[in-house]
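Please view the sequence and the model together while reading.

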Amino acid sequence: MKLQGKKAVVIGGASGMALAAVKLLHSSGVKVAIMDLPGSRGAEIGAELDIPFKGCNIMDYAQMEADMREVAAELGGLNIMVITAGGGIGMRTLTRNGPHPMEDFTRVVNLSLNATFNACRVAADIMKDEEPDEGGERGVLVCTASIAAFEGQIGQVAYAAAKAGVAGMMLPMARDLGNVGVRAMAIAPSLFSTGATQGIPEEMVGALTRDSAFPKRMGLPEEYALLARSIIENPMLNGNCIRLDAGMRFAPK
Ligand SMILES: NC(=O)c1ccc[n+]([C@@H]2O[C@H](COP(=O)([O-])OP(=O)(O)OC[C@H]3O[C@@H](n4cnc5c(N)ncnc54)[C@H](O)[C@@H]3O)[C@@H](O)[C@H]2O)c1
């Protein structure tokens with residue numbers, strides 16, 4: 001998909017990897033809008049870049065649908081949806097106080113898998129009404145998994161399940177949406193330097209990235225944005241989850 005003049009909503013766009021994607025798409029001629037928590041820096045960033053911001057909590061599925069439709073109407077349509085908003089908890093299958101509570105497992109799946117599916121299904125519904133480009137393409141969905149989807153660590157059972165769900169739904173989603181010219185892809189980052197990980201002390205970063213092949217450091221938000229842009233631009237990328245990990249494999253802990 002050619003970027004110039006396309007319309008994008010970036011969920012989680014007030015920080016980290018999604019903010020880098022906002023900036024890269026914006027500077028590439030895309031009409032971008034940010035959706036993020038009302039208390040995020042979204043309003044400030046929106047004002048700085050002169051782009052729309054919509055305060056939204058992705059855990060409220062019905063409201064998120066209404067918000068995305070409103071934002072897309074403001075942009076004049078939708079071709080690109082990027083979502084990073086999500087997260088997990090550290091909890092083992094058996095805790096000191098008994099088995100992993102179901103409500104904690106469900107909360108993580110609701111945030112990191114179900115909300116991503118909600119964003120995809122609503123975005124695809126809007127994208128299907130776009131004019132196709134010369135290749136028949138109308139839209140691209142870029143979701144965020146994690147390498148924990150493939151080698152979840154001790155205490156990541158809920159998070160790994162949710163992210164494996166994100167990775168696993170890309171192929172059936174791409175197959176479902178092929179007839180409307182919408183692609184579905186996920187990015188699985190290793191450890192990236194973002195709002196979520198900025199508090200990690202330097203020596204711990206060294207230990208955490210020791211098993212990377214090269215470079216032995218955290219990924220940069222801009223490196224996520226570069227892959228997101230490649231995915232959007234390259235029509236042959238579909239139905240897959242790409243690891244962005246410097247050759248890292250998570251150890252058990
Ligand atoms: N940073 C890493 O090392 C890393 C590695 C693998 C995967 N991930 C995934 O990346 C995503 C986090 O992105 P980041 O690392 O750039 O972090 P970040 O904290 O910098 O950005 C996340 C953004 O999502 C927003 N957000 C969180 N919950 C939300 C909600 N309920 N509704 C709306 N917006 C919400 C936050 O306000 C924030 O602006 C998560 O899905 C996480 O699982 C991160």
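The sections below treat the basis of the model, the sheet, the core and the ligand shell.

## Basis of the model

The model is predicted; local features require pLDDT of at least 70, side-chain atom pairs count only at pLDDT 80 or more, and totals for chains, interfaces and linings use all residues. Residue numbers start from 1 along each chain as its sequence is written.

## The sheet and its helices

Seven strands form an open sheet in the order 3-2-1-4-7-8-9, with parallel pairing. Strands (E, at least two residues) and helices (H or I, at least four) are DSSP runs numbered from the N terminus, and two strands pair if DSSP finds at least two bridges between them. Strand 3 (53-55) and strand 9 (240-244) each have a single partner strand, so one side of each lacks a neighbour in the sheet. From one strand to the next, the twist averages 15°.

Three parallel bridges join strand 2 and strand 3, where Asp36 stands opposite Gly55. Helix 3 (residues 61-75) packs on the sheet, touching strand 1 (7-11), strand 2 and strand 3, and its direction makes about 160° with that of strand 2. Helix 6 (residues 157-177) lies across strand 7 (139-144), strand 8 (182-189) and strand 9, at about 170° to strand 8. Such angles run from 0 to 180 degrees between N-to-C directions, with axes fitted to C-alpha atoms, for helices over the stretch in contact.

Ile80 is the bridge partner of Ala8, while Met81 stands opposite Leu141. Ile80 and Val82 point one way from strand 4, Met81 and Ile83 the other, and all are buried (20 or more other C-beta atoms within 10 Å of a residue's own, C-beta atoms being placed from the backbone; 12 or fewer means exposed, and values in between partly exposed).

The largest nonpolar core has 81 residues, and Val9, Ala21, Val82, Ala123 and Leu141 have the most contacts inside it. Such a core is a set of buried Ala, Val, Leu, Ile, Met, Phe, Trp, Tyr and Cys residues joined through C-beta atoms within 7 Å. Leaving aside neighbours within four places in sequence, Ala21 is in contact (C-beta atoms within 7 Å) with Val10, Val82, Tyr224, Ala225 and Ala228.

## The ligand shell

The ligand is surrounded by 27 residues, the closest being Gly12, Ser15, Gly16, Gly86 and Gly195; membership requires a C-beta atom within 6 Å. Helix 1 (residues 16-27) supplies the largest share, three residues.

Definitions and conventions
Two residues are in contact if their C-beta atoms, placed from the backbone, lie within 7 Å.
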